[in-house]
Amino acid sequence: VEFIARRYCRTKTTVYRVVNEMRARAIMELPLEFIDSPEFHRKAADKKILGPLPEPEHTPRRVKPPAGLPRYLASLYETALLTREQEGHLFRKYNFLKYRASKLRDELDVNRARASEMDEIQRLYDEAVDVKNWIVQANLRLVVSIAKRQVSANEDFFLLVSDGNMSLIRAVEKFDYT
């Protein structure tokens, strides 16, 4: 900051203000669309929604990957499938985190944004992305399974998997868990 301030004949305060303004503009562009729920507006929503993942009633059995799958696709079988309750919990959490980040962002003044406010919005967004990635990872073997059934001699298996992955990601982002 000192180097930039000297180089452009500005004060450190001015440099920090510009950095914060640019960061605030980037935060305003974050994709924070969410599926709203009446649960989100309750007082103690945080405790229930952000609580730990429900434990499955019984330990899921390990599934061996089908023969002939490349190693990186076979590694998908190391990720446990989610139960219905776990998946519902994760979708609720994913949308609630984006809801909270969106509410904070709505209150953000781009010209006077404080670093602490932006840090919290970014933390909530990053946590939402982590939850989304968890849901996607847990469902990737479904994509591979469907691609294996749909592939024909004139189609590329890996292209089907790629298209399926993109569809899965969009489905997770748009899924109404309610």
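1. Start with a cut-off. A residue is called buried under 20% relative accessible area, exposed over 50%, and partly exposed in between. I4 has a relative accessible area of 41%, so I4 is partly exposed. This residue belongs to helix α1, which spans residues 2-7.

2. This is a predicted model. The chain has a mean pLDDT of 91. Of its residues, 99% reach 70 or more. Among the elements, helix α5 (residues 84-106) has the highest mean pLDDT, 97. The lowest, 82, belongs to helix α4 (residues 71-74).

3. Together with F3 and Y8, I4 makes a nonpolar surface patch. The patch covers about 340 Å².

4. Next, T14. This residue sits in helix α2 (residues 12-28). Is T14 buried or partly exposed? Its relative accessibility is 22%, so T14 counts as partly exposed.

5. Now a loop residue. S37 lies between α2 and α3 (45-49). Its relative accessible area is 5%, so S37 is buried.

6. What does S37 touch, leaving aside its neighbours within four places in sequence? The contacts are Y177 and T178. With Y177 there is also a polar contact, side chain to side chain, at 3.4 Å. Thus a buried loop residue has a polar partner in Y177.

Key
Residues are numbered from 1 along each chain as its sequence is written. This is a predicted model: local features need pLDDT of at least 70, side-chain atom pairs count only at pLDDT 80 or more; totals for chains, interfaces and linings use all residues. Side-chain values use heavy atoms; hydrogens and water are left out. pLDDT is the predictor's confidence in each residue, from 0 to 100. Helices (H or I, at least four residues) and strands (E, at least two) are DSSP runs, numbered from the N terminus. Patches are made of residues with over 30% relative accessible area and no salt bridge: like charges are joined within 9 Å, nonpolar side chains (Val, Leu, Ile, Met, Phe, Trp, Tyr) within 5 Å. Accessible areas come from the Shrake-Rupley method with a 1.4 Å probe; for residues, only the protein chains shown count as cover. A salt bridge is a side-chain nitrogen of Lys or Arg within 4 Å of a carboxyl oxygen of Asp or Glu. Buried means under 20% relative accessible area, exposed over 50%, partly exposed in between (1.4 Å probe, protein chains only). A polar contact is a pair of N or O atoms within 3.5 Å; within protein, one must be able to donate a hydrogen and the other to accept it, and residues adjacent in sequence count only if both atoms are side-chain atoms. Contact means heavy atoms within 4.5 Å.
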